Amino acid sequence: IRCWSNIPFITVPLSRAHGKPFAHRSELKHAKRIVVKLGSAVVTRGDECGLALGRLASIVEQVSMLQNQGREMMIVTSGAVAFGKQRLRHEILLSQSVRQALHSGQSQLKDMAIPVLEARACAAAGQSGLMALYEAMFTQYSICAAQILVTNLDFHDEQKRRNLNGTLHELLRMNIVPIINTNDAVVPPPEPNSDLQGVNVISVKDNDSLAARLAVEMKTDLLIVLSDVEGLFDSPPGSDDAKLIDIFYPGDQQSVTFGTKSRVGMGGDGPNISHVITDIVEGKKVGTFFSEVKPAGPTVEQQAEMARAGGRTLAALQPEQRAEIIYRLADLLTDQREEILLANKKDLEEAENKGRLALPLLKRLSLSTSKLNSLAIGLRQIAASSQDSVGRVIRRTRIAKDLDLEQVTVPIGVLLVIFESRPDCLPQVSALAIASGNGLLLKGGKEAAHSNQILHHLTQEALSIHGVRDAVQLVNTREEVEDLCRLDKLIDLIIPRGSSQLVRNIQKAAKGIPVMGHSEGICHVYVDTDASVEKVTRIIRDSKCEYPAACNALETLLIHRDLLRTPLFDQIIDMLRVEQVKIHAGPKFASYLTFSPSEVKSLRTEYGDLECCIEVVDSVQEAVEHIHKYGSSHTDVIITENEKTAEFFLQHVDSACVFWNASTRFSDGYRFGLG
């Protein structure tokens with residue numbers, strides 16, 4: 001800690017009283033005893049004279065929240081010198097103005113010079129006021145605070161060390177937050193850096209080293225050091241090539257270039273602290289995390305850089321070379337079928353044993369020989385149609401003589417694709433990225449870890465034939481999706497593939513990165529009075545039962561009122577029962593029945609399983625209005641032999657796909673011949 005005292009939001013896991021140091025951010029939620037060090041610029045105003053009350057209030061609120069969760073919080077704070085400076089300046093100005101008024105006999109004062117104030121005097125004047133402010137703020141959360149002033153000498157005397165240790169433990173036992181500071185009013189001059197010369201001790205020279213020493217003495221789980229920059233950089237923040245270090249490992253100091261100290265105090269500082277303490281404890285990617293455990297593979301930031309470099313090389317290949325990579329991947333999907341299905345079997349067994357996946361998600365997780373064969377065919381279609389994906393001239397304009405302007409298709413850059421449950425998504429998306437010359441970061445669900453691993457390995461094997469193996473990266477670290485969405489300098493577009501909740505979460509979490517989202521698949525089939533008896537049950541069966549977990553499966557069946565209690569209606573109900581489809585009655589449908597199925601909770605439900613809602617409408621106009629009110633603009637179908645009614649439906653329904661006498665399952669890029 002002492003070496004990097006004028007830096008970041010630093011998160012340091014320590015040797016815990018029970019167990020090993022935390023190796024990953026996600027483990028920080030288990031931290032019981034926490035030290036928070038507040039640098040001078042965190043608690044002082046920009047003019048270095050007086051306290052930043054808003055930031056201080058936010059810190060107290062976060063510390064109180066964690067304390068009330070049952071954690072043991074300790075604060076090492078700066079700010080006494082700045083608070084004292086404000087008080088002494090006020091006293092000096094007041095004193096000078098009185099003397100000058102008495103001497104001149106005039107009420108108008110001349111400009112008065114304020115002498116340089118000695119830091120120890122400022123500290124002496126500011127300690128009581130600083131502590132009074134902390135006490136008043138913590139009282140708002142029914143928490144008591146206690147002040148402890150220490151110097152380096154207190155750690156050299158064994159008896160004083162034991163007394164300090166005992167006092168802190170007793171305060172923590174009584175649910176009191178200790179607020180600790182170096183006694184700057186009497187602090188001796190700093191000693192040589194003995195702790196940097198091989199001596200196994202942390203000498204206390206400022207609040208940074210005090211926080212480190214206390215954290216070790218008290219066997220805390222976590223030390224958080226707040227500073228005035230985002231974290232630890234490999235060179236001075238603000239320089240052109242400075243990069244934020246996400247995780248710092250032992251021995252990494254050789255890669256760090258040190259700059260000047262911070263603008264305030266002897267240690268590190270930082271103004272932007274809204275939610276930062278609670279975010280750190282929740283495991284979010286904030287600042288620099290110090291860890292003793294170095295992962296075997298690259299960090300996600302390194303993977304993104306590798307994907308960008310690989311994507312640029314990929315884009316520079318000839319179209320035939322990119323197509324050759326995709327053809328090779330299609331061959332590998334069939335050649336390595338047994339290995340893929342074996343890995344997928346492991347995922348299915350683990351998911352079933354843990355019982356963490358609903359049946360629709362289990363179906364999406366499952367791979368089969370027929371699925372792999374369809375994947376291979378689809379990939380070959382993409383390869384065949386990818387010849388002009390990159391470098392195609394869309395428009396050419398002669399602006400002036402000998403001056404032409406061309407609009408040309410180019411790759412987007414680095415894509416982050418986040419997908420749930422469906423391992424078949426990996427080769428599909430990889431092929432599209434390869435065809436369009438984009439670098440790709442893939443984040444799959446942990447439930448498909450084995451399947452994704454082998455499919456990614458095969459993808460990189462195919463990429464290797466033209467030396468662009470790194471263009472497609474699979475994120476295997478324990479990175480949270482929210483953290484990935486913050487990499488705005490490394491990722492150009494995020495594409496979520498999964499539930500509507502996943503899409504909404506990613507759209508909310510994305511910081512400065514465009515998100516290509518999608519909505520639910522609440523698809524409707526409307527059965528008109530002029531529907532063909534032969535077509536109705538076939539279309540409904542295929543729409544609902546062929547693959548109910550798909551986003552293009554039927555979810556709501558709309559039936560014209562005149563068809564109730566007819567043989568056609570009975571055939572529909574009998575077919576759904578045979579297929580074991582659970583029926584939910586819409587409000588109007590339920591009103592026609594003496595004993596109805598369970599009434600639907602919401603008409604905007606995407607079941608993704610062998611369930612559907614049945615509702616009654618009075619006309620095609622009402623069917624259209626129902627679809628607009630409750631649908632998701634995905635795919636909607638009319639079954640009728642009346643061309644006029646069909647045309648009205650096709651023209652008025654505002655959805656991506658509107659079909660006449662066809663299954664909703666035809667809403668598919670593969671079926672449309674797009675690959």
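Modeller: Let's start with helix α19 and what its buried residues pack against: α18 (533–545), β16, β17, α20 (587–591) and β18. Contact here means heavy atoms within 4.5 Å, and buried means under 20% relative accessible area, exposed over 50%, with partly exposed in between (1.4 Å probe, protein chains only). Helices (H or I, at least four residues) and strands (E, at least two) are DSSP runs, numbered from the N terminus.

A word on the source: this is a predicted model, where local features need pLDDT of at least 70, side-chain atom pairs count only at pLDDT 80 or more, and totals for chains, interfaces and linings use all residues. Residues are numbered from 1 along each chain as its sequence is written, and side-chain values use heavy atoms, leaving out hydrogens and water.

Back to α19, which covers residues 567–578. Its buried residues are Leu568, Phe569, Ile572, Ile573, Met575 and Leu576. Seen down the axis of α19, they fall within an arc of 160°, so they line one face of the helix; the arc is that of the directions from the helix axis to the C-beta atoms. Turned away from that buried side is a face with the exposed residues Pro567, Arg577 and Val578. The expected span is 1.5 Å times one less than the number of residues. After α19 comes Gln580, whose phi is positive, near 60°.

Two strands pair if DSSP finds at least two bridges between them. Strand β16 (residues 554–560) pairs with β18 in the parallel sense over five bridges, and Leu557 stands opposite Ile614 in β18. Strand β17 (residues 582–585) also runs parallel to β18, joined by four bridges, with Lys582 partnered by Glu611 in β18.

These strands belong to an open sheet of six, in the order β17-β18-β16-β15-β19-β20, with parallel pairing. At the edges are β17 and β20 (657–660), each pairing on one side only. Neighbouring strands of this sheet are turned by 20° against each other on average, direction ignored; axes are lines fitted to C-alpha atoms, for helices over the stretch in contact, and angles run from 0 to 180 degrees between N-to-C directions.
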